[in-house]
Amino acid sequence: MKNLVAKGATTLAMLSLSVLPVVAQDTAAAPEVPAVSPEVAYIFNTLLFLIGGFLVMFMAAGFAMLEAGLVRSKNVSMQCLKNIALYSVAGLMFWITGYNLMYTGVDGGFIGSFGPYAFDPVGGDALDTGYSTASDWFFQMVFVAATASIVSGTVAERIKLWPFLIFSAVLTGVLYPISGSWQWGAGWLSEMGFSDFAGSTIVHSVGGWAALAGAIILGARKGKYGPDGSVHPFPGSSMPLATLGTFILWLGWFGFNGASQLAMGSISDVTDVSRIFANTNMAAAAGVVVAVGLTQALYKKVDVTMALNGALAGLVSITAEPLAPSVWQAVFIGGVGGAIVVFAVPMLDKLKIDDVVGAIPVHLIAGIWGTLIVPLSNDAASYGTQIVGIAAYGVFTFVASGVVWYVLKLTIGIRVSDEEEALGLDKVEIGVEAYPEFGTGSQRL
């Protein structure tokens, strides 16, 4: 998974070497780097999974705060509830069947095995794996939760709670694991040589395709687009919250990309993790600067939401290959991601696709860009194979998600009524307003 078999073989080969002291007087012999014991490598690898996992888990808070800040005040409680609920649903579904579908018995095919995943026993010491299986499950689980969070922001302010959670269960328990198995589970795309180090396509574009299907079937918010094609902006409730969410996501991304090295039992692995951190940060910074510069040039004012999404687009863009690029390549890749946001957001508005938080430009389009450009820095990848992988993930996820959304629409319905949308989902779906002193609830005080 994520090239873990190859890394594991390399690590075990290193560990099999004898630990030989280097004698300063022995100038004839080349100095050797001492290898750590299998127990120490197991501990360090497991620690990397756990640290990376809780950093990615913290991204759930980032998504919640970003979405809470970018929706209107009458829908903030709903976004908070959706984010904690989808994270919980994702955790349960990934244990019930998701992990095995993604990683067990794929063997170059298209799907793994059904059934719940079993962890190591209490006090387990299976050194042959090189890490604790529970730590690996946790690290992979928080990735699937991030995929569902991408959908949450796009369809905000007009979707019912329970249909959204049902879709999240299908996405995290079935759709994402099946498509993820094609590469990270040693499936058919892995056999072809498709490369996606930490998930620009496998995580982010998959979430973006699911969000796009939902936005099209759900329709735009009432009043967003005029009959003459005009676009009516709906300002978010809190730019401070949105900014806080972006910084949390930026922080969490170091776990997202850095821990995808999947090994920390050698000097080279630790060095590579450090390099990944640096490239990830540079790409995000470039995304912000490009978004700020372009909005100033195009609109004569800097749009803070574009700056925030520029950072996220830079992060998504570098996620497919955060290790191999030079600093300048990382800056270029992230900078293009920032430009994508500036031009894609108005493009979606022209198509009347209502994406409340800009998740489709950030996660789908920038994810495609990041995956496509991998061969620029990674000679082992090819543009042809990257295009095949991008297309496969796009067709499968968009069609399958569209079917699920449409079935939900025909059966239990996915959209609140016009009156309920006008009142706000906090009041009609949740019953707890986020800002009662300042929102509609202030009229009752």
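Predicted model: local features only at pLDDT ≥ 70, side-chain atom pairs only at ≥ 80, totals over all residues.
The description starts with open space. The largest pocket holds about 650 Å³. Its lining is made up of 27 residues, and those that lie nearest its centre are Lys224, Asp303, Thr305, Val345 and Asp349. Two elements give two or more residues to this lining, namely helix 10 (304-319) and helix 11 (327-350). Helix 11 supplies the largest share, with five residues. Sorted by class, the pocket lining contains 17 nonpolar residues, six charged residues and four polar residues.

Rolling a probe the size of a water molecule over the atoms shows where empty space is left. The model has two cavities of 30 Å³ or more. The largest cavity has a volume of about 70 Å³. Its lining includes Phe63, Leu66 and Glu67, together with Ser149, Ile150 and Gly153. Asn309, Leu312, Val357, Ala359, Val362 and His363 also line the largest cavity. Helix 2, helix 4, helix 10 and helix 12 are the elements that each give two or more residues to this lining. Seven of the lining residues of the largest cavity are nonpolar, four are polar and one is charged.

The second largest cavity has a volume of about 30 Å³. Ser317, Ile318, Glu321 and Pro325 are among the residues that line this second cavity, and so are Ile333, Gly370, Ile373 and Val374. By class, the lining of the second largest cavity has five nonpolar, two polar and one charged residues.

The next topic is charge pairing. Side chains of opposite charge can pair when their charged atoms come close. The count for this model is five salt bridges. One of them joins Arg221 to Glu157, with an N to O distance of 2.4 Å. Arg221 sits in the loop between helix 7 (200-218) and helix 8 (239-258), while Glu157 sits in the loop between helix 4 (133-154) and helix 5 (161-181); the pair links distant parts of the chain, 64 residues apart. Are these two side chains in buried or exposed residues? Arg221 counts as buried because its relative accessible area is 5%, under the 20% cut-off. Glu157 is buried as well, with a relative accessible area of 1%.

Arg221 also forms a salt bridge with Asp354, where the closest N and O atoms are 2.7 Å apart. Asp354 lies in the loop between helix 11 and helix 12 (359-372), and Arg221 in the loop between helix 7 and helix 8, so this pair ties together parts that are 133 residues apart in sequence. Asp354 has 2% relative accessibility and therefore counts as buried. Arg221, Glu157 and Asp354 belong, with Arg72, to a network of linked salt bridges.

Another salt bridge brings together the side chains of Lys222 and Asp418, at 3.8 Å from N to O. Lys222 is in the loop between helix 7 and helix 8, and Asp418 is in helix 14 (residues 418-423), so the pair connects parts that are 196 residues apart in sequence. Lys222 is partly exposed, with a relative accessible area of 48%. Asp418 is also partly exposed, with a relative accessible area of 48%.

On the surface, a nonpolar patch is formed by Val40, Phe44, Leu47, Ile51, Phe54 and Met57, which together have about 480 Å² of accessible area. Met57 is located in helix 2 (residues 38-70). Met57 has a relative accessible area of 35%, so this residue is classed as partly exposed.

Two points of backbone geometry remain. Most residues other than glycine have a negative phi, and most peptide bonds are trans. Leu262 is not a glycine, yet its phi is positive, about 70°. Leu262 lies in the loop between helix 8 and helix 9 (267-299). Its relative accessibility is 3%, so Leu262 counts as buried. Lys352, a residue other than glycine, has a positive phi near 60°. Lys352 is in the loop between helix 11 and helix 12. Lys352 is partly exposed, with a relative accessible area of 44%.

Notes:
Residues numbered from 1 in each chain as written. Heavy atoms only, no water. 1 Å grid on protein atoms, 1.4 Å probe; cavity = no way out; pocket = protein on both sides within 12 Å on 5 of 7 lines; lining within 4 Å. Points joined across faces, edges and corners; volume = space filled by probe spheres on them. Helix = DSSP H or I, 4+ residues; strand = E, 2+ residues; numbered from the N terminus. Nonpolar A, V, L, I, M, F, W, Y, C, P; charged D, E, K, R; others polar. Patch = residues over 30% accessible without salt bridge, like charges linked within 9 Å, V, L, I, M, F, W, Y side chains within 5 Å. Areas by Shrake-Rupley, 256 points an atom, 1.4 Å probe, with all protein chains shown as cover. Salt bridge = Lys/Arg side-chain N within 4 Å of Asp/Glu carboxyl O. Buried < 20%, exposed > 50% of the residue type's maximum accessible area, 1.4 Å probe, protein only.
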